[in-house]
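Let's walk through this protein model together, one piece at a time. Keep the structure open beside you as you read.

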Amino acid sequence: MTQNTTKLVFWGVRGSTPTLERDTWRYGGNTACLEVTAPGGARFILDCGTGLRMLGNRLRAMNHRAGEMHSNGGIEAHILVTHYHWDHIQGIPFFQPFFEPQNSFSFCSFQSKYLGRNSLRQVLEAQLAKPYFPVDVSVMEAARTFREVTGGEQWDAQGTVVTAAWLNHPQGCLGYRLETSAGSIVYATDNEPGVAEFDNNLRELSRGADVLIYDAQYSPEQLATNRKGWGHSTWLEGVKVARESKVGNLILFHHDPDSSSRVVDGFLSAARQEFPATWAAMEGMSVTLSSRGVDVALPESRLGQRRRLRLAATIAGQSEDGGAFQEQATVRDISLQGAYIVLNNRPRLQSELRVVIESGNGQKRSSQIALRATVLYCEPGREKNQNGVGVVFIEEPDTGPPPRD
Ligand SMILES: [Zn+2]
Ligand SMILES: [Zn+2]
């Protein structure tokens, strides 16, 4: 990156275990993994949950393209691991760049009292030990160095000042602050509030940060009752820390595997009432820090196939300054996930249907949405000899950007 910007990308935002349920897709199901690229290009990987696999594929593709233009070295990164719970390490065996000799990585975490010296190295080797994985660690040909740090330590990594602080979590957890020339990011996941020493650590680590990524796994009600002692926090605690430490933006992170996207929506809107500059971490979301401030970009929906069309619509909502608005607009493309269709025929399960929907209702500028779908279920319809058919739309080749006026 040539300009003075720092870019943060979320590759995994889920806590505890990956999720595949459809109602968790909008925020994403991969476990904790973040990528930070500092001005000058130094790369940091924060935690190695299942999101790490996709990051590895992306880095290899980028490196391959760069290599076509000029001779390039391998992939390099500082890998900061907060602690050794599964959801923070389980992506390690699936990160392809570890298996290539031209790449080099410097790992950083703490010495666990359960593992002793070289804790992170032991964790990595154990993950590839028999009978847990088909090949052993000798095939991980990338250069690897391991550094053990502790709470309160501060060091320089290619011009970025990294600070570690102890958080309150079973078997220990480190929070990290990355101070770059374009802004500061604090990654404080897996923390339960209520112990003064750790509460103070967190506030000190977060002081004046541009971005605070914080554990918001539970609702305040859950934390007060059946989830006390599990080592996690809430959006409400995040808001308190954000206010007390005067952070610029709060990002709710480590979503519970049993939280649907609607539940996360609820936490986000409750937090925004108290601290408007709040976001909910979403797989593929990026945050850019520069002299212009903090810019957040969300990924395109992965939920459905996009189709071009032209539909008149009335749109009502809330603008950036908090005021309500309503206006007439044109929908230029639409994403469709599935449909329930009443048919006289009875299509075979898992067979493909061609669905053409007239979207104009007889208006002058009507348009068609043509889709391919696969049949998920077929049940008796309300009328005799009719079938209720559930379908999900499937990919078609990209049809390009939506038409201009
Ligand atoms: Zn976790
Ligand atoms: Zn944990």
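Tyr340 stands opposite Gly390 in strand 21. Strand 18 and strand 21 (residues 387-394) pair in the antiparallel sense, over six bridges. Here strands are DSSP runs of E with at least two residues, helices are runs of H or I with at least four, and both are numbered from the N terminus. Two strands pair if DSSP finds at least two bridges between them.

This is a predicted model: local features need pLDDT of at least 70, side-chain atom pairs count only at pLDDT 80 or more, and totals for chains, interfaces and linings use all residues. Residues are numbered from 1 along each chain as its sequence is written, while chains are lettered from A and ligands numbered from 1 in the order in which they are written.

The open sheet has four strands in the order 18-21-20-19, with antiparallel pairing. Strand 18 (338-343) and strand 19 (352-358) are at its edges with a single partner strand each, so one side of each has no neighbour in the sheet. From one strand to the next, the twist averages 45°.

Seven strands form an open sheet with mixed pairing, in the order 7-8-9-10-11-12-13. Its edge strands, strand 7 (154-157) and strand 13 (278-280), each pair on one side only. Here the twist averages 20° from one strand to the next. Strand 12 (residues 249-253) pairs with strand 13 in the parallel sense over three bridges, and Ile251 has Trp279 in strand 13 as its bridge partner.

Angles run from 0 to 180 degrees between N-to-C directions, with axes fitted to C-alpha atoms (for helices, over the stretch in contact). Residues are in contact if their C-beta atoms, placed from the backbone, lie within 7 Å.

How do helix 5 and helix 6 cross, and at roughly what angle? The axes of helix 5 (residues 235-244) and helix 6 come within 9 Å and cross at roughly 30°. That makes the two helices roughly parallel (the word covers angles under 35 degrees). At their contact, Trp235, Gly238 and Val239 in helix 5 meet Phe267, Ala270, Ala271 and Glu274 in helix 6.

How values were computed:
Parallel < 35°, antiparallel > 145°, perpendicular 65-115°, else oblique. Contact = placed C-beta atoms within 7 Å.
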